[in-house]
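Good morning, and thank you for the time.

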Amino acid sequence: MTTVEHSAVIAQPRPLLARPTKTSGWTSWFTTIDHKKIGIMYGATALIFLVAGGIEALLIRLQLWRPNGTILTAATYNQLFTMHGTTMVFLVGMPLAVAFGNFLVPLMIGARDVAFPRINMLGYWVFLFGGIFLYSSFLFGSAPNGGWFGYTPLTSTPLAHGFLPSRGPDFWAVGLIMLGIGSVTSGVNFIVTILNMRAPGMTLLRMPVFVWMTFIIAMLTLFALPPVTAALIQVYMDRNFGTNFFNAAQGGDPLLYQHLFWLFGHPEVYILILPGMGIVSETLPVFSRKPLFGARVVVMSGIAIGFVGWGVWVHHMYATGLGPATTTGFGIATMAIAVPTGVKIFNWLGTVWGGAVRLTTSMLFSLGFIAMFTLGGLSGVMHSIVPSNAQQHDTYFVVAHFHYVLFGGLVFAIFSGFYYWWPKAFGHFLSEKMGKINFWLLFIGFNLTFFPMHIVGLQGMPRRTYTYGAGHGWELLNQMETVGAFIIALSVLVFFVNVIASRIRNDVAPADPWDGRTLEWSIPSPVPAYNFLEIPEVHEFDDFWHKKYTEDEEGRLVRLPSGGSDAGQHEVSDGSHIHLPSPSYWPMVFALGLPISGYGFVFKNWLLVGVGVAVLMFGLTAWLIEPDTAHEDH
Amino acid sequence: MTAVAEEAPALGAGHDGGGHDGAGHDGSDHGHTTNTGVSNTKLAIWAFLSSECLFFGSFIASYLLYRGRDTNFQKAGLIKTAFKPQELFNIPFTSATSFILLMSSLTMVLALAALQRGDERRFRIWIASTALFGLTFISGQVFEFTEFYQKGLRLSSGTFGSTFFVMTGLHGAHVTVGIFWLLSLYQRSLQGKLGPEKAEAVEVAGLYWHFVDIVWILIFTVVYLVPYHK
Amino acid sequence: MSTSTDLIIAQDHGALVPATDAAVEHAGEHNHPGPRQYVMIAVILVVITGIEVGMSYLDGHMNSTALIAMLLGAAAVKFVLVVAWFMHLKTDSKILRRFFIMGFFGATLLFFIIMLVLHGMQNSYNLPTR
């Protein structure tokens, strides 16, 4: 290995390169360890991948425009639906959750940064390089083609045996292991930050619900990623070193893979949806001017989902013939998990009910979330019933279900979050007018795309198949879906136009534009690097709201004269006395080692693996000998 | 190798914690002002280790699932050859290397205790012997793998070869990462950068090291000692 | 000694910045065992390992279920000893214990279920009938 240079580097007493010090300008984005900038980078990168995954979806929809379509070959179609799923789950859904968590968690708990700023930075670069690594597979003509779930023995059979005639599954397995490393580091970081860095008085039950949901997804990430990492290592070994983990001819058991994968895969579903639940739990109270109805119950339901989410993975495997006892048990657990989910929906409705509702774009998206997610949840309960599941398995009905949950749920909530927190992140509003166009296009396009899938699914149209025959009565519905998909694309385009136009128009936002309830609204927009000039003291749930308002004898809200904002303080001091950790190159160098080794593993080039490990060790060593803050006179 | 890469964040965590509370509430350099009373670094390493439980759990579960399956398949005429683990294993030899790994856990805690007392000379002796014991264990594993290979066991030898080599190999990779970590601590101590106030950096490395040891306690019993049916 | 200074510093800080959780425990609980206890634990570990290795040679001379149970029991005792003493979980903060218990028992439970499901379904795999 790299022992020699490792120790040689350690022997140097000072950093290898001049410490980066710039905190503004475009170069600073490469070395930043500011949680807000990293959050924005996560979000921007995830949106780029959203476009990539969206283009794949559009190509799929074009192919399915009419029966026996010829736009794509079966092989290309396989690559596209695999990459669409992989992208949307690993490169869009999870990173967007991390983006919001990164930006918001320290602000909401009253901290100046996350617990491990440089590890935070590492997580981002691992995500970016992992995503680029996965997409670079197209250049080698071997994009992953075994589905985002990568069932064995299809994916695990060695290249020579020709089940999947490319290195696609290798790219997929190595890429996901890499992304998993990034996810686990960010999970650990969130857990430590939330447990350890809360402002005085911010007890666990006074934390905003979004922070709670981030904590739960971090826990789920921590425990869900290892089984799939193990399974991916086994797939890789089976393909490249002739092991027999999933080779039935030698005693291996392909079902083991399904268990390990869904042991990750189902909690993963909650990793994707809980941030959405957290976001609407913040927006709905603000735009209804009412406290979140039963906030503790929402938190408890989230925890319940987190736990029960571990006991339902087999409902992805009903069709494998596990026997009545197993399927019954997991069926009951699956129905049970609908209870805390349903409780939350009623909590949100109770929040909006009787409130002074402001129908801003953000609120529209949140209401859309409730409606669409409820529909997705209902078809989910249908899946839990084993016999009906056997009918629906591998049909477009399932596709409709999880798009209602993850698109109607997560994506709507994410857009709600964008419109809500954009002023906080960038200091200016997004255009409400364009935002409403954005919402209605998305709402109409989404339902037009995915609602007909329920029908064709129940009529038996199989998913993951590159075409369908004429005469099943699916033509019109498929054409509706394709039109809907393009309306969605148009809606996303409107969003991007809105982003640019709003930046040019620069409708400056005050510190607290929405009359918010949580701590991030108590500080200026955009947030200064040190977040809080003085760490706030927290006395109750929705503390910032209670600093602004009190009740008179008849229970009416009365605004307190002080207004609660500490914006005044910022004029007094520029916060330059606050020590912040300095920027660094090394987490990026460390992360760069991973894709280099990754290519080595995919093409079995051990020299390249060695180079990658050397880069990684170099980055790590330099990182270790670099102090947290540069030595300078303060 | 993948395992090596996977460990690295923990290494980073081990270092990061020292002065990181600069980003914390009061700009204090001391690690004890967290809400839970536990330092960030320690909480992080325990969270990471609990995650690792599921990583090794997956491989141990795979091993247990396939345990004895080769022999059964051979009896049923489904596969031609099946290695009998009990004929392959050299129990006295593996017991000795396991014993050495167990003892490395002792030297690890002694190193930590020495550093907490401020006795850096003893600390270096103990930490070096921990690394040496770890190295001995790895050498034993290399020897064992070579021996099994010469007896014909391959990665592709039924499910036993696959599960055995991959599981113990990944464990070995973890031990190797641990050795590098220990050596870097030794180096830091030589440079005089590791006084009693930095004992937590050693404690965190020690937690990782003990974790690798307890994984081996389980593997040793489950793989080597629990009898295979004839 | 230095550990006790540590303790005082920790408590000082605790007083300055009031900790917030009801279940808070100060890291001041650094009353880690000393070298003597460590060596004693190591001796116990060695003895158990010796017994374990010895027991493994009893295969065929005693009830194999009992033998397996005893071997696994011995491993569990060793496991607990290392975790409780060498990794200080016995004296360290509860929150760390909870993390590890969640990870370890969670893993055990989940994999137990997987084994149960797969074995229930595929006993025929392990014992094929001709």
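I shall speak about a helix pair in chain B, then the fold of chain C, and finally some backbone features of chain A.

What we have here is a predicted model, in which local features need pLDDT of at least 70 and side-chain atom pairs count only at pLDDT 80 or more, while totals for chains, interfaces and linings use all residues. Residues are numbered from 1 along each chain as its sequence is written, and chains are lettered from A and ligands numbered from 1 in the order in which they are written.

Two packed helices are described by the angle between their axes and the distance between the axes. Helices and strands are DSSP runs, H or I of at least four residues for helices and E of at least two for strands, numbered from the N terminus. Axes are lines fitted to C-alpha atoms, for helices over the stretch in contact, with angles from 0 to 180 degrees between N-to-C directions. In chain B, the axes of helix H5 (residues 91–117) and helix H8 (residues 199–225) come within 10 Å and cross at roughly 160°. H5(B) and H8(B) are therefore roughly antiparallel, a term for angles over 145 degrees.

Next, chain C. Chain C contains four helices and zero strands, in the sequence pattern α-α-α-α. Of its 130 residues, 26% count as buried; buried requires 20 or more other C-beta atoms within 10 Å of a residue's own, exposed means 12 or fewer, and partly exposed lies in between, with C-beta atoms placed from the backbone.

I turn now to chain A. Most residues other than glycine have a negative phi, and most peptide bonds are trans. Which form does the peptide bond from Thr152(A) to Pro153(A) take? That bond is cis, with omega near -5°, and Pro153(A) sits in the loop between helix H5 (117–136) and helix H6 (168–196) of chain A. The bond from Ser525(A) to Pro526(A) is also cis, with omega near -10°. Pro526(A) belongs to the loop between helix H15 (475–505) and helix H16 (543–548) of chain A.

That loop between H15 and H16 also holds Asp515(A) and Asp542(A). Asp515(A) is not a glycine, yet its phi is positive, about 60°; Asp542(A), likewise not a glycine, has a positive phi of about 55°. Asp515(A) is partly exposed, having 15 other C-beta atoms within 10 Å, whereas Asp542(A) counts as buried, with 21 C-beta neighbours inside 10 Å.

Note on methods
Angles under 35 degrees count as roughly parallel, over 145 as roughly antiparallel, 65 to 115 as roughly perpendicular and the rest as oblique.
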